[in-house]
Amino acid sequence: MAMPPEIDHQVVAALYQFRMATAEQLRVLHTPDSQPELMRRRLRRLKDEGLVEDVVLPQAGRLRAWFLTERGARIAARFPELENVASPPLSEDKTEARLRVGHILAVTRTQAAFVASARAAGDECRPLDFLPEVYHRYGKGQGGAVIPDGLLHYTEVAGGRRLCRAFVEVDRGTMASEKLAAKLIGYARFHEHHPVPVHLRRTVAGQSVLPAWQQRYPVFPRLLFVLADTGEQAARHRIRDLQSIADTSPMVARMLRTVRAGAARLDDLEQHGTSAAVWHTLTDHTRPLRGAWEL
């Protein structure tokens, strides 16, 4: 059975936003009830049309990752749902694309897990409800911004609609724990950043000037650290490192009084669901595991 033509549009849009995905990831995102071969066939036809290209993944047999060609990216950039979405272009050089694929695919895999979980729970999380690399500045210079791997929008439906937002950081265990901890400190700095110096802050018409983050979000998004390609023992060490920063950094501790934060293995999210009790809270390592929206 052939897939409807609108799937072409959805696949091209997803590859523009996520930059790279496997056929299986695209199937989970868009056509979960279809046979895997149908999506592979669709991608081969899009390749024949000059819209996508593929590269064989290192150490993964013949598994392929797919990405847009320059022509495909030009077409996708005009899709209305992708207005104001930045998509840093991937080189069409297959060697360069192959060397950059690991982290990009882990991010796409993370959103596929949230979409699949929402679908199973009757919640709402569409494939494009995850905006990669949204820039949030809080200071000057190269280190004066946080750029999460994704800004996630998720709507819980059961018991009344509740819109949830999260900054998602995907860690493949390739960076030092200090750099992972620095990300948490960066969010704390963004949380405290005020665009107006303290001595100049005044109330205007009885209203105080808002902190920078509150000019974009009614509630500070929760922080979700997803550990991909990481064994259980290594994941425990990474989570404990994050919890240690929460315990020892006064700035992080102040943020976590009101901001929910947790960490979980991607394998557990795929096996049990993102709303299952697989998330470790960063504020108290003795607390039981929670769902992503119950932290």
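Accessible areas here come from the Shrake-Rupley method with a 1.4 Å probe, and for residues only the protein chains shown count as cover. By that method, the protein you have open exposes about 15000 Å², and carbon and sulfur atoms supply 51% of it.

This is a predicted model, in which local features need pLDDT of at least 70, side-chain atom pairs count only at pLDDT 80 or more, and totals for chains, interfaces and linings use all residues. Residues are numbered from 1 along each chain as its sequence is written, and side-chain values use heavy atoms, leaving out hydrogens and water.

**Stop 1: the whole protein.** Switch to a cartoon view and look for nine helices and 13 strands. Helices (H or I, at least four residues) and strands (E, at least two) are DSSP runs, numbered from the N terminus. Of the 295 residues, 48% count as buried, a word that means under 20% relative accessible area (1.4 Å probe, protein chains only).

**Stop 2: strand 12.** Now select residues 261-265. Five of the five residues in this strand are buried. Which residues sit on each face of strand 12? Ala261, Ala263 and Arg265 lie on one side, while Gly262 and Ala264 lie on the other.

**Stop 3: the neighbor on one pairing.** Two strands pair if DSSP finds at least two bridges between them. Click on valine 226 to find its bridge partner, alanine 264 in strand 12.

**Stop 4: strand 13.** Finish with residues 280-281, where strand 13 pairs with strand 12 in the antiparallel sense over two bridges. Here, threonine 281 of strand 13 stands opposite glycine 262.

Technical notes. Buried < 20%, exposed > 50% of the residue type's maximum accessible area, 1.4 Å probe, protein only.
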